[in-house]
Amino acid sequence: QNEIKDVEVSKLPIFLTSVTPIKKELYENPVIKKVYIRRYGFPARLQIIIREREPIAVIKQDINSKPSAFFTTDGMLVMHKRYMNISDKEAKLLKILTSSKDLQKDIPFEKYQELEKIVQAVETYSDEKVEYIDLRKPNDVFVKIKTTSIRLGTLDNTVYERIKRSNDY
């Protein structure tokens with residue numbers, strides 16, 4: 001809501017107003033996925049409909065810290081501090097812990113998709129929800145579920161076999 005307050009609106013009558021500059025300015029916000037603007041003649045008004053990107057995973061430095069970035073359903077990595085107020089939704093999201101400073105290079109969306117497959121495998125074999133995945137040590141990766149932490153080690157092509165074995169009690 002506060003983002004729209006900063007948008008400069010024309011003083012011309014509604015039917016003469018160009019909506020393109022308004023759309024262009026709104027699209028500069030990385031959280032906005034789609035903007036629809038409708039003009040109404042009576043009563044004279046603009047209706048602005050905004051579809052936001054949905055977060056699917058948050059990236060943190062530590063489990064108790066604020067998110068430093070998040071992935072959206074359409075594969076975008078949002079890193080601007082201004083948009084990290086997603087704590088109410090955070091309980092449902094996958095948490096990825098990393099000490100990386102260059103998130104765009106170190107955790108591209110393709111790597112997130114691979115992590116999502118690993119998380120699904122862990123949840124399938126353990127019948128528990130994954131709380132977070134710890135990537136702070138790339139050669140010693142952990143997945144935390146409610147009852148325990150599962151040490152996966154290096155994320156290579158044998159990780160799924162290790163996940164299966166970790167549940168053979």
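Me: Leu12 first: how accessible is that residue?
Reply: Leu12 is partly exposed, with a relative accessible area of 49%, where buried means under 20%, exposed over 50% and partly exposed in between, using a 1.4 Å probe and protein chains only. This is a predicted model, in which local features need pLDDT of at least 70 and side-chain atom pairs count only at pLDDT 80 or more, while totals for chains, interfaces and linings use all residues. Residues are numbered from 1 along each chain as its sequence is written, and side-chain values use heavy atoms, with hydrogens and water left out.

Me: And where is Leu12 found?
Reply: Leu12 is in the loop between helix H1 (2–5) and helix H2 (20–27); helices (H or I, at least four residues) and strands (E, at least two) are DSSP runs, numbered from the N terminus.

Me: What about Thr17, buried or exposed?
Reply: Thr17, which lies in the loop between H1 and H2, is buried, with a relative accessible area of 4%.

Me: Which residues is Thr17 in contact with, leaving aside neighbours within four places in sequence?
Reply: With those neighbours left aside, Thr17 is in contact (heavy atoms within 4.5 Å) with Ser10, Leu12 and Arg39.

Me: Switching topic, which strands are joined to S3 by bridges?
Reply: Strand S3 (residues 55–60) has five of its six residues buried. Four bridges join S3 to strand S4 (residues 69–72), and these two run antiparallel, while four bridges also join S3 to strand S6 (residues 94–97), in this case with a parallel run; strands pair if DSSP finds at least two bridges between them.

Me: Which residues stand opposite each other there?
Reply: Ala57 stands opposite Phe71 in S4, and the bridge partner of Val58 in S6 is Lys95.

Me: Now the backbone: which peptide bond is cis?
Reply: The peptide bond from Phe42 to Pro43 is cis, with omega near -15°, and Pro43 lies in the loop between strand S1 (32–40) and strand S2 (45–52).

Me: What is phi of Asp127 near, and where does that residue lie?
Reply: Phi of Asp127 is near 60°, a positive value in a residue other than glycine, and Asp127 lies in the loop between helix H4 (109–126) and strand S7 (130–134). At 69% relative accessibility, Asp127 counts as exposed.

Me: Why point out those two backbone features?
Reply: Because most residues other than glycine have a negative phi, and most peptide bonds are trans.
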